[in-house]
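Subject: Structure handover

Hello,

The structure we discussed is below, with the sequence. My notes on it follow.

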Amino acid sequence: MPLVNAEEMLKKAKAGHYAVGQFNINNLEWTKAILNTAQELNAPVILGVSEGAGKYMCGFKTVVGMVKGMIESLNITVPVALHLDHGTYEGAKACIEAGFSSIMFDGSHYPIEENIEKTKELVAICKERGLSLEAEVGAIGGEEDGVVGAGECADPAECEMIANLGVTMLAAGIGNIHGKYPANWAGLSFETLDAIQQRTGEMPLVLHGGTGIPADMIKKAIDLGVSKINVNTECQLAFAEATRKYIEEGKDLQGKGFDPRKLLAPGYEAIKATVKEKMELFGCVDKA
Ligand code: 13P
């Protein structure tokens with residue numbers, strides 16, 4: 001199946017009270033692990049690419065080529081959206097040109113008027129090209145690829161304004177944070193989420209910072225209208241732990257254990273296990 005935008009899968013998720021996972025990719029192993037897991041579980045999936053990861057993977061065009069090639073050669077038939085994560089205005093335009101099927105424009109650090117203005121312009125471009133567009137209100141806390149957010153709860157009235165611009169999905173800060181949650185984290189603000197959902201109706205809501213949010217909070221967030229959940233750090237931690245174990249056990253020194261196809265295999269399997277666990281928790285298994 002060719003790349004699809006995220007609109008249909010998210011509308012189905014909202015109506016069916018489950019969430020589609022966005023898993024960020026960093027290289028070939030990541031992409032292959034996520035695509036193969038989605039196919040095995042018959043789940044729709046969104047591949048997230050931050051601007052930093054795009055640069056690391058030699059540019060957005062390389063990413064599009066890799067993902068499209070893999071979908072074909074791995075016989076991936078579940079719906080796959082290739083999505084820019086936390087895009088700048090310029091990054092969004094570059095990904096549209098490179099062939100991404102979905103864009104996030106993160107204008108949350110601009111004054112709301114400027115966020116509205118820029119989002120509006122991108123809504124028109126994405127509509128014309130058949131791409132889905134995610135907008136953001138209220139910065140997500142923590143640090144991701146050098147982008148630091150203070151972590152705040154979005155203003156439901158501002159969420160309604162952005163939702164009414166015709167975006168496909170809306171990310172709203174509800175106390176969530178990228179990366180690991182600190183021990184004194186207050187948890188998600190369900191009060192804010194509920195107020196946002198009431199003002200934005202059918203709009204699929206996006207929960208960033210999916211790493212480390214307890215299962216009961218994830219379930220409650222889905223009940224309150226979250227239809228897309230982003231996970232990045234948890235796959236990185238799983239990959240690093242499995243790779244460290246392989247080396248600490250001296251396996252790279254045994255036979256041809258240094259061959260990257262062997263060296264990276266435990267990390268690959270660890271990403272697969274993490275993605276499977278999340279897809280089961282989000283309820284998107286067999287929803288392709
Ligand atoms: P985590 O790294 O906390 O899982 O967050 C991912 C994310 O929200 C990507 O936008």
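Tyrosine 246 touches Lys251, Asp252, Leu263 and Pro266, with residues up to four places away in sequence not counted; a contact here means that the two C-beta atoms, placed from the backbone, lie within 7 Å. This is a predicted model, in which local features need pLDDT of at least 70 and side-chain atom pairs count only at pLDDT 80 or more, while totals for chains, interfaces and linings use all residues. Residues are numbered from 1 along each chain as its sequence is written.

Tyrosine 246 sits in helix H10; helices (H or I, at least four residues) and strands (E, at least two) are DSSP runs numbered from the N terminus. Tyrosine 246 counts as partly exposed because it has 18 C-beta neighbours inside 10 Å. On this scale a residue is buried with 20 or more other C-beta atoms within 10 Å of its own, exposed with 12 or fewer, and partly exposed in between, with C-beta atoms placed from the backbone. Its C-alpha is 7.3 Å from that of proline 266, at a separation of 20 residues in sequence.

Leucine 263 belongs to helix H11 (residues 260–263). Apart from neighbours within four places in sequence, leucine 263 is in contact with Tyr246, Asp252, Gly257 and Phe258. Leucine 263 has 16 C-beta neighbours inside 10 Å and so is partly exposed. Between leucine 263 and arginine 244 there are 9.9 Å, C-alpha to C-alpha, and 19 residues in sequence.

At the other end of the numbering, valine 4 is in the segment before helix H1 (7–16). Valine 4 is partly exposed because 19 C-beta neighbours lie inside 10 Å. Its contacts, leaving aside neighbours within four places in sequence, are Pro79, Val80, Ala81 and Ser101. Phenylalanine 100 is 96 residues from valine 4 in sequence and 9.2 Å from it in space, C-alpha to C-alpha.

Asparagine 75 has a positive phi of about 55° and lies in the loop between helix H4 (60–73) and E3. It is exposed, because 8 other C-beta atoms are within 10 Å. Histidine 86 has a positive phi near 50° and lies in strand E3. Histidine 86 has 25 other C-beta atoms within 10 Å and is therefore buried.

On the ligand: 15 residues surround it, the closest being His208, Thr211, Asn230, Asn232 and Thr233; a residue is near a molecule if its C-beta atom, placed from the backbone, lies within 6 Å of it. Strand E3 (80–87), strand E10 (226–231) and helix H10 (233–248) each give two or more residues to this shell. By class, the shell has one nonpolar, 12 polar and two charged residues. Here Ala, Val, Leu, Ile, Met, Phe, Trp, Tyr, Cys and Pro count as nonpolar, Asp, Glu, Lys and Arg as charged, and the others, Gly among them, as polar.

The largest nonpolar core has 77 residues, where a core is a set of buried Ala, Val, Leu, Ile, Met, Phe, Trp, Tyr and Cys residues joined through C-beta atoms within 7 Å. Ile34, Val45, Leu47, Ile103, Leu170 and Ala172 touch the most other members. Isoleucine 34 is in contact with Phe23, Ile25, Val45, Leu47 and Val275, neighbours within four places in sequence aside.

Regards
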